[in-house]
Amino acid sequence: MKYIHLSVLLIFANIFLNKTITNSKNSIIMTHTNNETVYTLPALTYSYNALEPHFDQMTMEIHHTKHHQAYVTNLNAAIKDTEMSMMSLEELMKNISRFPVAVRNNGGGHYNHDLFWKILSPDGGGAPSGELASAINSTFGSFDQFKEAFSTAAKTRFGSGWAWLSIDENGQLFISSTANQDNPLMDVVEKRGTPLLGLDVWEHAYYLKFQNRRPDYIDTFWHIINWEEVEKRYLALKK
Ligand code: MN
């Protein structure tokens, strides 16, 4: 008799729970239909061969159309029909510890590459000017010392990852490196801030042209940095 009561109770509990879960799912799905974000691969503002002889055409094309596209495709699959599809990419990054690892890897991959293409330019190179130049000089001693410290961060990142110049919440510049597709926005990294400049040191970014010579790839990066874009980002975030 006791067991019958229990099983009846379980059946009712089950019906109640299923109904609740179904209802909450439906309501989430419905609100999503208007606000859901579907990410797309951003077009480059220059051609794949425009950064020659520094970054080669084949690497640029594969990096953009295959690697970056895969991050976009996998990010969309990971957030589809969830609350994550209603958040901005920045919000996702800032709360990444709450979300699945697929969002960390592919959301990071999309954010990082989107920034990377923008801070490169066929007309780039040279040195920053204006307030960014002053901030770099006062933080790192000189532009050459900054270059040295940034290059060291990029060279010493073990395995795949990124080197960054970022600005923290106090308006201070800092250099860091992160593993895989992590970035300084994420709530899982040692030092948090907003990236202004990033260098991809995954082998897919250089292996076709430079093979194992990551330092040569890092040296050539300085010839194609779009300092105008980096300065624009700095001015928008400085205190
Ligand atoms: Mn990459």
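A residue is taken as buried if 20 or more other C-beta atoms lie within 10 Å of its own, as exposed if 12 or fewer do, and as partly exposed in between, with C-beta atoms placed from the backbone. Helices (H or I, at least four residues) and strands (E, at least two) are DSSP runs, numbered from the N terminus. The model is a predicted one: local features need pLDDT of at least 70, side-chain atom pairs count only at pLDDT 80 or more, and totals for chains, interfaces and linings use all residues. Residue numbers start from 1 along each chain as its sequence is written.

On those terms, strand β1 (residues 161-167) is mostly covered, with seven of its seven residues buried. In a regular strand, side chains alternate between the two faces of the sheet. In β1, Gly-161, Ala-163, Leu-165 and Ile-167 point one way, while Trp-162, Trp-164 and Ser-166 point the other, and all are buried.

Next comes the pairing, which calls for at least two DSSP bridges between two strands. β1 pairs with strand β2 (residues 173-179) in the antiparallel sense, over seven bridges; Trp-164, for one, has Ser-176 of β2 as its bridge partner. The hairpin of β1 and β2 has five residues between the strands, and Gly-171 there takes a positive phi near 85°. β1 also runs antiparallel to strand β3 (residues 194-200), joined to it by six bridges, and Ala-163 stands opposite Leu-199 in β3.

Asn-180, in the loop between β2 and β3, has a phi near 55°; with 16 other C-beta atoms within 10 Å, Asn-180 is partly exposed. Asp-81 is not a glycine either, yet its phi is positive at about 60°. Asp-81 sits in the loop between α2 and α3 (89-94) and counts as exposed because it has 12 C-beta neighbours inside 10 Å.

The backbone has a cis peptide bond too, joining Glu-52 and Pro-53 with omega at about 5°. Pro-53 belongs to the loop between α1 (2-35) and α2 (57-79).

Then there is Ile-224, in the loop between α8 (214-221) and α9 (227-237). Ile-224 has 19 other C-beta atoms within 10 Å, so it is partly exposed. Leaving aside neighbours within four places in sequence, its contacts (C-beta atoms, placed from the backbone, within 7 Å) include Leu-51, His-54, Phe-55 and Pro-122. Ile-224 and Pro-122 are 102 residues apart in sequence but 5.9 Å apart in space, C-alpha to C-alpha.

Notes: Contact = placed C-beta atoms within 7 Å.
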